[in-house]
Amino acid sequence: MPTQYDYPLITTLHTSFVHPYYSYWMDTWLTIRDSVMGEHEIKRKGERYLKKLENMQPDEYLSFLDRAVYFNMWQRTVTGLMGVLFGRNPIVRNLPKNLDTETISKQNQTLSQFVHEAAQEVITMGRYGVLVDMDANGIKPPYLAGYVTENITDWTVEEIDGRFTVTEII
């Protein structure tokens, strides 16, 4: 089953093509991703997370970095919340008859796998995009396409009937 990390993440964009909140949160999202991925990723990023001490030589820094310990509370918290959320399998009712829940996505995920991935992304990052799509001919059943936080670069919100509603997502 693909995980959220199997999808390409957009990590650098020209700021005139993204929503201002996207630009504001991008660095934080990167830190969250790195934190969830764990010690290897944190150490791989070196001085982004573990600053070099004054007058420290490169070989001393590498030794310092090697001895550092990263306790991954992010991943433990996400795993715990997923366990609470999916302690029992969800019951889904009233789906359209032509929706195949055994291959709900282009990655051939079941509905359960797709929902787990979406929930993990929402718990971790706070949002996840889901698009219901179908082939150009409309012959094959519709499928769900998931988009991680970093791949939703711009959006428009309008007030409709007294409620703020997302009207465009890029």
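**Legends to close-up views of the predicted model**

**View 1. Asn 108 in the loop between helix 4 and helix 5.** Asn 108 lies in the loop that links helix 4 to helix 5. In this predicted model, the residue adopts a positive phi of about 60°, although Asn 108 is not a glycine. Most residues other than glycine have a negative phi. Asn 108 has a relative accessible area of 54% and is therefore classed as exposed, the threshold for that class being over 50%.

**View 2. Thr 101 in the loop between helix 4 and helix 5.** Thr 101 also belongs to the loop between helix 4 and helix 5. Its relative accessibility is 27%, so Thr 101 counts as partly exposed. When neighbours within four places in sequence are set aside, Thr 101 is in contact with Leu 95, Thr 110 and Leu 111. The C-alpha atom of Thr 101 is separated by 8.9 Å from that of Tyr 143, a residue 42 positions away along the chain.

**View 3. Asp 161 between strand 3 and strand 4.** The loop between strand 3 (155-160) and strand 4 (163-169) holds Asp 161. Here phi is near 50°, a positive value in a residue other than glycine. With a relative accessibility of 78%, Asp 161 counts as exposed, because exposure is assigned over 50%.

**View 4. The crossing of helix 1 and helix 5.** Helix 1 (residues 20-37) and helix 5 (residues 111-125) have axes that come within 10 Å and cross at roughly 115°. On the side of helix 1, the contact involves Trp 29, Ile 32, Arg 33 and Val 36; helix 5 contributes Glu 121, Thr 124 and Met 125. By class, this contact comprises four nonpolar residues, one polar residue and two charged residues.

**View 5. The largest nonpolar core.** Nine residues form the largest nonpolar core: Val 18, Tyr 22, Met 26, Trp 29, Ile 32, Val 36, Met 125, Ile 152 and Trp 155. Helix 1 gives the most to this core, supplying five residues. Another core, of eight residues, lies apart from it and includes Ile 104, Ala 118, Leu 144 and Val 148. Trp 29, Ile 32, Val 36 and Met 125, listed in the largest core, also take part in the contact of helix 1 with helix 5.

**View 6. Arg 76 in helix 4.** Arg 76 is a residue of helix 4 (residues 73-85). Arg 76 counts as exposed because its relative accessibility is 53%, and the class begins over 50%. Val 36 is itself a member of the largest nonpolar core.

**View 7. The setting of the close-ups in the whole protein.** The protein has five helices and four strands, and from the N terminus on its elements run α-α-α-α-α-β-β-β-β. Along its principal axes, the C-alpha trace spans about 65 × 40 × 35 Å. The radius of gyration is 20 Å, whereas a compact globule of 170 residues would have a value near 15 Å. Buried residues make up 31% of the 170 residues. The protein exposes about 11,900 Å², of which carbon and sulfur atoms supply 56%. Of the contacts with a separation of 6 or more, 51% join residues 24 or more positions apart.

Methods: Residues numbered from 1 in each chain as written. Predicted model: local features only at pLDDT ≥ 70, side-chain atom pairs only at ≥ 80, totals over all residues. Heavy atoms only, no water. Axes fitted to C-alpha atoms, helices over the stretch in contact; angles between N-to-C directions. Helix = DSSP H or I, 4+ residues; strand = E, 2+ residues; numbered from the N terminus. Contact = heavy atoms within 4.5 Å. Nonpolar A, V, L, I, M, F, W, Y, C, P; charged D, E, K, R; others polar. Rg over C-alpha atoms; globule rule 2.2 N^0.38 Å. Buried < 20%, exposed > 50% of the residue type's maximum accessible area, 1.4 Å probe, protein only. Areas by Shrake-Rupley, 256 points an atom, 1.4 Å probe, with all protein chains shown as cover. Core = buried A, V, L, I, M, F, W, Y, C linked by side-chain atoms within 4.5 Å.
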